[in-house]
Amino acid sequence: MKTFLGDMHDYIYESEKVALKVFSNRKELSSDFINVFKTNEIETIVLTGAGTSNYSAQGVRTFFEKVLKVSVLVPLTNHFIDGDYMVKGKGLFIGISATGSSASTINALDKANSLGMITMALTNELESEVVKHCDKTIFLDHGIEDVSPKSKSFICELVTLLCCALETARELKTITNIEYEEYTAELNKTILNLTTIAIKSDEWFKRNELDLKQCERMILVGYGKNYGILQEGALKILECGRFQTCFYELEEFMHGIYHSIDENCYLLYLGDKSKYYQRMIQLKNYLGEFTSHQYLITSQMDEETEKNLVIDFVESEEFSMIEYIVPCQILAYRIAISKGINPNKPSDPYFHKKMNSKFI
Ligand SMILES: O=P(O)(O)OC[C@H]1O[C@](O)(CO)[C@@H](O)[C@@H]1O
């Protein structure tokens, strides 16, 4: 039962500890997942959930395909329920729900059961509704997160799913032992950077607070594997700050969005290491003529300015999304506090009851 008595900022700072615990227990937590692959010829995995729990699925999709060598779909729950996706061959369906109570995730599990798929739920609540609708449950084990906007559970979902994929790939030998060692070392190093990133993000917000607290419209821009982070980052900022926030993949931004940029628009660029990075800088330089509120998050030291957040990210090709979400979470929390909003409590605690969107 949620009382919303926790504090999102504390939970962001707990992420490193919780993710490390998941990482150390990775063999145990992925045993059912591995078994499914050992006893079935899985050809397609469907990962889905609502909101944050959909974006974590989006965040791990490419890694799942890369190491497990199967097709991975991340539909919206209703699109899957409505039959808009074709599942080829034997399918594994994973419904992600931290609280275990999202109605559409549960309905999607029912649909997967009716299609004869193997079904699993990823949840932090082992007594929740979602576990009654699946064959097996994977425990998130992130502890209590008694606030409306999720932060540590998102990171925990990412790390849990990545560990399941890694351990299974090693067992099935779809990756070599050397690759396994390299991936686990990178993931460990990435997790160990999370608290430092949170501290630096807090400092960055502080030096830009006067400008950021006035924001009433923000667009996040990014590319490549950070797409799930763009979705989650925009949701978090909107959910906490309660102003208009959206996101665009860099190339999509070229097609119409720029017409709407003026001095009232704030831009937040996620500049992880990529072949697209320079193109993003080119766009940022261009948009500088229309707005002075541009912020870049990157590890490129030559971009160090008051407005930019330059951090020594590990920048692992596969796992950097775990690092880039943290500044978005801190920004979301801090901007809300600066505006006098309590981000921990929902604007209407009875919303899900009224809309039947959660079993509460
Ligand atoms: O993972 P769950 O518990 O299904 O929640 C899904 C979504 O619902 C919320 O808890 C509230 O709407 C979000 O924070 C989250 O994105």
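Buried area is the accessible area that two parts lose on being put together, summed over both. In this predicted model, the area buried between domain 1 and domain 2 is about 2,500 Å². Carbon and sulfur atoms give 69% of that area.

The two parts come from the domain assignment of the protein chain, which places domain 1 at 8-191 and domain 2 at 195-338. Their contact takes 28 residues from domain 1 and 29 residues from domain 2. Taken over C-alpha atoms, the centres of the two domains are separated by 26 Å. On the side of domain 1, Tyr13, Tyr55 and Thr190 supply 23% of the area buried against domain 2, more than any other three residues.

The model also holds a ligand, surrounded by 13 residues. The closest are Ser53, Ser97, Thr99, Ser102 and Lys358. By type, the residues of this shell divide into 2 nonpolar, 8 polar and 3 charged.

| Residue | Protein atom | Distance |
|---|---|---|
| Threonine 52 | polar backbone atom | 2.8 Å |
| Lysine 150 | N or O atom in the side chain | 2.8 Å |
| Histidine 352 | N or O atom in the side chain | 3.0 Å |

Taken alone, the ligand exposes 390 Å², and the protein buries 87% of that.

As for confidence, the mean pLDDT of the protein chain is 97, and 100% of its residues reach 70 or more. For the complex, the predictor gives an ipTM of 0.97 and a pTM of 0.98.

Methods. Residues numbered from 1 in each chain as written. Predicted model: local features only at pLDDT ≥ 70, side-chain atom pairs only at ≥ 80, totals over all residues. Heavy atoms only, no water. Near = heavy atom within 4 Å. Polar contact = N/O pair within 3.5 Å; in protein donor to acceptor, adjacent residues only side chain to side chain. Areas by Shrake-Rupley, 256 points an atom, 1.4 Å probe, with all protein chains shown as cover. Nonpolar A, V, L, I, M, F, W, Y, C, P; charged D, E, K, R; others polar. pLDDT = per-residue confidence, 0-100. Domains from an automatic or database assignment. Contact = heavy atoms within 4.5 Å. Buried area = accessible area lost by both parts, 1.4 Å probe.
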